[in-house]
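Colleague: I am new to this structure. Could you walk me through it?

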Amino acid sequence: MVRIVDSELDQEDLPSPLPMSEQEEWSDVVPIPQDDGRHPVCPIAYKDDYREMTDYFRAIMAAGEVSQRAFDLAGRVIDANAAHYTAWVYRKKLLLDLGLDISSELDWVSRISERHIKNYQLWHHRGALLELLLDPKGIADKTQDERMQIPAIRRELQFVGEVIDKDSKNFHAWSHRQFVVRLYGIWDQEMAYVETQINQDVRNNSAWNQRYFVLTANQPADVFVLTDDVADKEIAYVMDKIKLAPNNESPWSYIVGLLMRHAPNMLYERLLPSINALAAADEYALAVSSTPFFWSALVDIYEEQAKALAGAEQQQAEVMAFASEACESLATKYDPIRAKYWEYRKQTLKTASAC
Amino acid sequence: MATQLAVDSHARYFRICLSGLPHQMTSLDAARMTFVQLCLVGLTALGKLDEVCSAEEKKQMIEWIYGQQVLGDGTELSAAYCGFRGGSLFGPHDLCDYVAANSANVAGTYSALCALLLLGDDLSRVDRPAIVEALRCLQQDSGCFAPHPGTTERDPRFIYCACAISAILGDWSGVDKDAAVKYIVSCCNPDGGMTQAPFQESHGGHLYCCVASLALMGRLDAIPDQQRTLKWALQRQNCGYQGRVNKPADSCYSFWVGAAVELLGGHDLVDAAAVSAFLVQCETRFGGIAKFPDEFPDPLHAALGVVGFAFCNPDGFPRMSPTLLLPESLVDRLDIKAARRSNNGE
């Protein structure tokens, strides 16, 4: 959250070596020094160039000056302190008021982004620019392939892709990627992208989350129905990935979460046989049955199954006993850091089955 | 013997930060108010605020904070800009033809109110109607909040700020609670965690903002499956807490996730010794707590690390409210009802 940024300016944005107070271009502006009161709290020991730049920036922003120099200065202030929230607002206003080129502004964001890649404002500015550049209504009649050829869309996916290549779990980049996919309805290619990312790092939870997004978000809310075919395909995919690294929370929580939300009965009808088979296969038995995620999934599955067995007391008690044993194994053997939680969970199972 | 925190070193660290930060922290310039709040939170959680800051110094800090207040001028145009700025780099207060040049921010307002309370101020100079009106302007149709006008940013951080502000001021007329609750429920991920927007990855920081907002609104019951959310939060502990699945432990989540666990009734289910041991590894020799072991400290990780440590070792420290980053004694005195643990299902 806290980034220590020593501002380096782009080559083309390099200020002239003269202080602003000695530059002809700024001679008509009376800088407004910071009013930090008589006893500042947490004062920052600014570098001279930042102090001067913000003194001039206060003056022109207070006046609401609409000019190219104001636009450029806002950019320099942002690059020196990307969390300067009013500078972003002003820059966007100037961009529109001056009728500047949106595409060039996206290029500018790309150029400064490396220094501020975890800054919320930068990503939101980018999203707002994209909407200005390409109205989704204008491409409504185009096919997915045609959309993928539109330069604005290609550039955006390339930009996000490069950020993810450098930091495959960048929260902002994945969020922006969802925004672009949804805005322009370019769903067809996204599952392949997700799979490439999961193949590169099977523990990348951001990519697993994107899998859920691609599978379920491509339709109005509450319309998604998980069919047997899709569920089987997802279960098979997850099993393959668990084989690669059994002690990896992501695929376990992905499949349990997906089924629990969209088709809880499939937890015990379809997932349970698959994971039991995996845990019984010579090659994987040891690794799978010693990961806490296997046992934790069993607790969730049996608990769900017990709910469905209301009325069938004997069968229900049997399933609850399995769940209870799984809690016991977790508490004593496979997940000792959460021993107290699994003990508590075991108690709540008992209460549930007594109801 | 129980793990100990280097209380005096950390008190010294927060005191030094209040006196000044190096130029490498220029990126915090627009959020200075939050760093003031965090230093005061750290000192309060250590039980050292009165020892380290004289009454005179507290008065001076109160003046600086009020110096950041953007007052209402009664016009509709400026309403959304009122509250407290993130610091003194904006403005000036009286000379702006362009109103956005001197914009408050809900995070600045939240931090300022908390900091004022920690310093013993009675909030009598706070422009309450202007702040409440600003919140009303900043809430979106989705139920989520923008931090200030002119941005497309919206996420649960700002819902949390709006709820905390409303609870502190005892005036909820700026928040449409039902709409806010609806947005938060849409952020519940099927894995049990919570996110910044529908379909995004579960994240410990946003989990805190969502859960604490619901607690402040008295609506924890709106979480679709509280047990599953509690489980997701507890699963984040691998020694200390991580913020997301398959990420390394990071000291600040001892607060973000630790406080969510408290609010969900999981206090007794945490391996407190493991969290404490991790936080001690993140302590630095000259005071302060870093994000990870062997890194440089910063006020955010230091303050949240101290509060997270105190959740795990309640006997040695003043009790801090998991909803508001204020001591519970203060919350009780102010009668901020929703922030009390007794109202949160314990």
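Modeller: One definition to start: two residues are in contact if their C-beta atoms, placed from the backbone, lie within 7 Å. Keep in mind that this is a predicted model.

Colleague: Which residues of H13(A) does H12(A) meet?
Modeller: Start from the side of H12(A). Ile255(A), Leu259(A) and Met260(A) make the contact there. By class, the contact has six nonpolar, no polar and no charged residues. The partners in H13(A) are Met266(A), Leu267(A) and Leu271(A).

Colleague: How are H12(A) and H13(A) oriented to each other?
Modeller: H12 spans residues 249–262 of chain A, and H13 spans residues 265–280. Their axes come within 8 Å and cross at roughly 135°. Angles over 145 degrees would count as roughly antiparallel, and 65 to 115 as roughly perpendicular. The two helices, H12(A) and H13(A), are therefore oblique.

Colleague: Which element gives the most to the side of chain A that touches chain B?
Modeller: On that side, 66 residues of chain A are in contact with 61 residues of chain B. Elements giving two or more residues include helix H1 (48–63), helix H17 (339–354) and H12 of chain A. By class, the side has 35 nonpolar, 19 polar and 12 charged residues. The most, seven residues, comes from H12(A).

Colleague: What does the UniProt annotation say about residues 5–324 of chain B?
Modeller: In the model, that span is 47% helix and 1% strand, and its end C-alpha atoms lie 23 Å apart. The unreviewed UniProt entry annotates residues 5–324 of chain B as "domain: Prenyltransferase alpha-alpha toroid".

How values were computed: Residues numbered from 1 in each chain as written. Chains lettered and ligands numbered in written order. Predicted model: local features only at pLDDT ≥ 70, side-chain atom pairs only at ≥ 80, totals over all residues. UniProt positions renumbered as here; feature names shortened; annotations may be inferred. Helix = DSSP H or I, 4+ residues; strand = E, 2+ residues; numbered from the N terminus. Axes fitted to C-alpha atoms, helices over the stretch in contact; angles between N-to-C directions. Parallel < 35°, antiparallel > 145°, perpendicular 65-115°, else oblique. Nonpolar A, V, L, I, M, F, W, Y, C, P; charged D, E, K, R; others polar.
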